[in-house]
Amino acid sequence: MATTFADQLRSLPDEALGALIQLRPDLVVPVPADISALAVRAQSRNSVARCLDGLDEFTLLVLDAARLSRAADTALTSIDAILALTEGVPGEDTRVAIDRLRVRFLLHGPPEALQIVGAVDEVTSPYPAGLGRPADYLDAQAAALCADRAKLRRTVLAAPPGARAVLDRLAAGPPIGALNRDSVAEPVKWLVDQHVLVPVSEAGRAPRPDGDLVELPREVGMLLRRDTGPLGVLRPVAPVPDGPSRDPQAADSAGAGQTMEAVRATEAILEALAAEPAALLRTGGLGVRDLKRLARAAGIDEAGAALLIETAYAAGLLGESEAAPARATTPAQDVFLPTGAYDLWRATGVAHRWAALARSWLTMTRQPGLVGRRDERDRPVNALAPDAERAGAPQARREALGTLADLEPGAAPTVDDLLGLLSWQSPRRARGREAAHRDAYSGAALLGVTGLGALTSYARLLLADGETDGGDPLGVHPEDAHADAVRALDRLLPAPVDHVLVQADLTVVVPGPPEPELAAELDVLAEPESAGGASVFRVTPASMRRALDVGYQAAQLHELFRRRSRTPVPQTLTYLIDDAARRHGGLRSGSAGSYLRSDDEALLAEVAGDKRLTTLDLRRIAPTVLVSPRPVARLLGALREAGYAPVAEDAGGATVLTRPKARRAPTRSARAPETAGPVLIGPRLAGVVEQLRRGDIATRAARRAPVTVRAAHGHAVPGLTAVQQHTQAMAVLQQAVRDKARVWVGYVDSHGATLSRLVRPVSLSAGYLRAEDERGESLHTFALHRITAAVTEE
């Protein structure tokens, strides 16, 4: 019979050990050396706390029942004792919860002598199920009262209304209340005098401003819970959210429409930033005025704009860049601008663009719902500011959407019902995350992850992205792993159109989402007026001038509108194109990188004719002025190398004094968040179990190995002053080959680990030892230079 925790783990079959690792994957990160190390890790505080975080409300109450039913002398409980405390629910549900605890090894041992892992008491409340400590532990007089059940009932029934209200509140848990030192409330004083409440103190803590504490003994709390049961209200089954049920197709259609709106608003925000970059605040983030401006440009509220800005930044579509200073004396300032990835993003379809945004939103460690709120120093939290960083945000979104994914397709419960379901599924983890979960639901609605309050079909596929199955033992996923979600959304979106409808008032109607090529043309040819399923643009003189500036000719514009428009091109548009082309280019301007002026025209003529300066491309525009497309620094350097003595001047004609600039180290980028490890399943899980078994065998073999072998591995051996020489080990192996005797061999494997093995040598040649392992019925080959010791079995 297994007597220790490690022995119980060691006695498990491979399937049960693999199930434990699957349920508690933190136990093998990194993989422990052997099962003894696994047992130590399974009983640690951090690992037990992580395991408890994933348990539901009913299972945690069953664990509290196990804690309450422990014997005082042995600290053991049993299944029958737990069933006695949960008699208000079907016994089968309780047994399932007990099995859930036993397979995670929070409870271990035989059914009649179950033991709770010690760290459970360290990471949970000291008051199981909201009940106080036993009366005999708190006070002798309270213990005497609780020992007389009839007297205890009479005392409780005789309590005044105020005292009874205090009892009911403490019985619901927690069983601790404050006791004011100066003026004890009359109801509490009556209960203390009757020994129903026991004054206690918090050892090792600072004095409380509201006085000492009083505690309700466990026996009194269980008496007051006679109607609901010792553990309170038990809910073995998850509460069913009460909400309308949507047609899945209607939810998908509504969500698909919202995805188009989210993509359009994101594009509008980034285009507004491209036209007018927003400055990066000194404290980090985007200013309030810039956020309001971008919200107006996208036609959404500020909260939605903050969410899309944060998502675009996480997706790599938005970044910081150093802007050129307006004046030479002002320092450069960082601004927010679209990145090069934005152009590639725009060139893809709406479904691909949405998938990039949604995946970034799911995985980003930012909580956009905090934007606009006040921090602990009463300062507003800005978009893209460090204050909105939350490491647990991705997990909160997965949990919130996971509750919807577990419901029937089309289920659209209220947010409060979903929060209640979350608090039942994982009460420890949901505690304190209500704001993050609410932000997750609002963000899902804005991005089109949900439609009409229900999770869409393509969002279910996106949530399933990254889950490993048994068909991929190496955990290598294709680069476009969200292709199923993209295809599902693409079927719901209207087909991209390659034509427009030109009206007589110079409006251009696009009857659907435009193709990327058509969208790029419309950005140049017209001004947007409205967006939606059918977007509207307007051709203006300014848009025609812009088209001519980028290289279009009048004939090309006429041909483009004839090719794209399904309606006849109005005559007013033809006149507008011809008029804009006729006036275009009447005035011409250019740029010069630098100029050179001098009152000495002969000196300028000498410089212009100097063949050493032909690379400067100097051109005379006035008798005393030369211009060059090269920068001023390069112009000055070339002139000085040619023997001239120029000086630089500013816009007012004053001489500019320069000094060498100090060099600075490049700015380090922020560290990317660490991704979760691969899911252990299939061959990978079997490999971990096999590694643990081998490590356990090697550890036990090392303990049984002779002292010479252990000393060769670097272990401290009392009384041993010298390690066996290599020639002695070879002599022992040669004799063992002749005698066919078994020997202990110590060696270093290819990973540098020192191991010991009991084998029977077969041959010794060509620098290798070949030996049989009778326990594993296998043949091993050892390189002689890796053998550290060899001792004949005694």
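Guide: Welcome! A salt bridge here is a side-chain nitrogen of Lys or Arg within 4 Å of a carboxyl oxygen of Asp or Glu. The model is predicted, so local features need pLDDT of at least 70, side-chain atom pairs count only at pLDDT 80 or more, and totals for chains, interfaces and linings use all residues. Residues are numbered from 1 along each chain as its sequence is written, and side-chain values use heavy atoms, with hydrogens and water left out.

Visitor: Which residue forms a salt bridge with Arg-45?

Guide: The closest N and O atoms of this pair are 3.3 Å apart. The pair links distant parts of the chain, 77 residues apart, from helix H4 (residues 45–53) to helix H8 (residues 119–123); helices are DSSP runs of H or I, at least four residues, numbered from the N terminus. The partner of Arg-45 is Glu-122.

Visitor: Is Arg-293 buried or exposed?

Guide: Buried means under 20% relative accessible area, exposed over 50%, and partly exposed in between (1.4 Å probe, protein chains only). Arg-293 has a relative accessible area of 17%, so this residue counts as buried.

Visitor: What is the N to O distance between Arg-694 and Glu-690?

Guide: Both residues lie in helix H32 (residues 683–704), four residues apart, about one turn of the helix. Arg-694 is exposed at 57% relative accessibility, while Glu-690 is partly exposed at 41%. Their side chains meet in a salt bridge, N to O, at 2.8 Å.

Visitor: How many salt bridges does the structure hold?

Guide: Some share partners: Glu-267, Glu-271, Arg-346, Arg-353 and Asp-523 are joined into one network. For the structure, the number of salt bridges is 39.

Key
Helix = DSSP H or I, 4+ residues; strand = E, 2+ residues; numbered from the N terminus.
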